[in-house]
Amino acid sequence: MENGNVNHHEMDTFSTITIKGTLSLLMQNVDEQNGKRLISLGMGDPTLYSCFHTTRVAGESVVEALQSEKFNGYSPTVGLPQTRRAIAEYLSRDLPYKLSADDVFITSGCTQAIDVALAMLGKPGANILLPRPGFPIYELCATFRRLQVRYFDLLPEKGWEVDLDAVEALADQNTVGLVVINPGNPCGNVYSYQHLQKIAETAEKLKIPVIADEVYGHLAFGDNPFIPMGVFGSIVPVLTLGSLSKRWIVPGWRLGWFVTTDPNNMYKNPKTIERMKKYFDILGGPATFVQAAVPRIIEKTDEVFFRKTINTLKQTADICWDMVNEIPCISCPQKPQGSMAAMMKVNISDLDDISDDIDFCFRLAKEESVIILPGTAVGLKNWIRITFAADPPSLIEALGRLKSFCERHTKILQTY
């Protein structure tokens, strides 16, 4: 950092920086002397805003488990039996077959579930297929696991569907998995039943499992309902990753899961199961008392709580869509259908003195004290990711400042 401005050299290798690391650099570029309150639309943490809070029963369940003094010791490394059973029953509600507790492994958030999936699939010379744009933790974990990364594009003109032709072209005998994030982060899309089935059929043709990142599961408010990838487990093995974080609005509790949704038992031979259990022996899972609270949280959470969250997200997604469409240099290919964020294209050629999406976001942070994520951080240059999980007044104010910023930097057309 020099004179309050980001050193662009720091951002030359964005793929090596996590979203949190990127946002930390942006925060350093905020000018505290400009008199504007800081508004962040960069992090997918809805707890930052008062309109998003967890259900009362969740807090009560954790307190009850803690005060019982029954859960102060170690849990089994794969998770408490009652927690595994409760999550199996919860996920089975939306599947054509029943999961068992043995299919479920408790992780420290969905991030650890990602690492488990890649660790289980990794082997010398292997490669994995990741979506672009996508969640950069996958690349980071793959790098540590010495997995080669191959990116397939999501198609903005088709609602961010997977380019299945590209998937087939990229795969070879060393490909060990295909990652699908639905509802989409960072794109805000929700895949149709038909598209998910095509993904499953493509993976089956290539003889690779699907890693289904469903951390935003059920947070869908558009035309397509949320369909878990595990519905197609009879076509192709599915490794389902999820957590309490987003649906229950408790990301700090770090309660996630890694689940083998595999009714044909292709990944359930004794050697594979034993390998998974041994790997969990070296991991540190969530706090035991938080695990113990899960069965009651799942059983007692009222549907009214879920509907309220969905209605709020739909309201803020609509605000984001309407206001962004009024900004001349930014375009959004699709109205957000789910999750908590959406991708917007920045028409850099319309801006007078801004070189790319990274420059755009750092200048916006400095001039307007608004934080949004450069698209380069998720694999798409000259795009931005806006998180709309914010209270409406803050969102409206931030997007208003974004519009002012763009108008101030838009090229003045010369007339002769």
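The largest share of the lining of the second largest pocket comes from β3, which gives three residues. A pocket here is an open set of points on a 1 Å grid over the protein atoms alone, with protein on both sides within 12 Å along at least five of seven lines, and lining residues have an atom within 4 Å of a point. Strands (E, at least two residues) and helices (H or I, at least four) are DSSP runs, numbered from the N terminus. This is a predicted model, in which local features need pLDDT of at least 70 and side-chain atom pairs count only at pLDDT 80 or more, while totals for chains, interfaces and linings use all residues. Residues are numbered from 1 along each chain as its sequence is written, and side-chain values use heavy atoms, with hydrogens and water left out.

About 180 Å³ of space lies in this second largest pocket, a volume being the space filled by probe spheres set on the points, which are joined across faces, edges and corners. It has 14 lining residues, and Pro 136, Glu 139, Tyr 151, Val 378 and Gly 379 are the closest to its centre. Two or more residues each come from β3 (127-132) and α5 (137-144). Because domain 1 (19-53 + 304-406) and domain 2 (57-300) both contribute to the lining, the second largest pocket lies between them; the domain bounds come from an automatic or database domain assignment.

What about β3 itself? The strand pairs with β4 (residues 148-155) in the parallel sense over six bridges, where pairing takes at least two DSSP bridges between two strands. Arg 132 stands opposite Asp 153 in β4. Getting from β3 to β4, the chain passes through α5 in a right-handed β-α-β crossover, that is, a clockwise path from the first strand over the helix to the second with the strands pointing away from the viewer. Next, β4 pairs with β5 (residues 161-162), now antiparallel and over two bridges, with Glu 161 as the bridge partner of Leu 155. Five residues sit between the strands of this β4-β5 hairpin, and Gly 159 takes a positive phi near 70° there.

The largest pocket has a volume of about 560 Å³. Its lining counts 25 residues, with Lys 20, Met 43, Thr 111, Phe 135 and Lys 246 the closest to the centre. Both α1 (19-28) and α4 (109-121) give two or more residues to this lining, and α4 gives the most, with four. Domain 1 and domain 2 each supply at least three residues to the lining of the largest pocket.

Notes. On a 1 Å grid over the protein atoms alone, a cavity is a set of points where a 1.4 Å probe fits but cannot get out, and a pocket is an open set with protein on both sides within 12 Å along at least five of seven lines; lining residues have an atom within 4 Å of a point.
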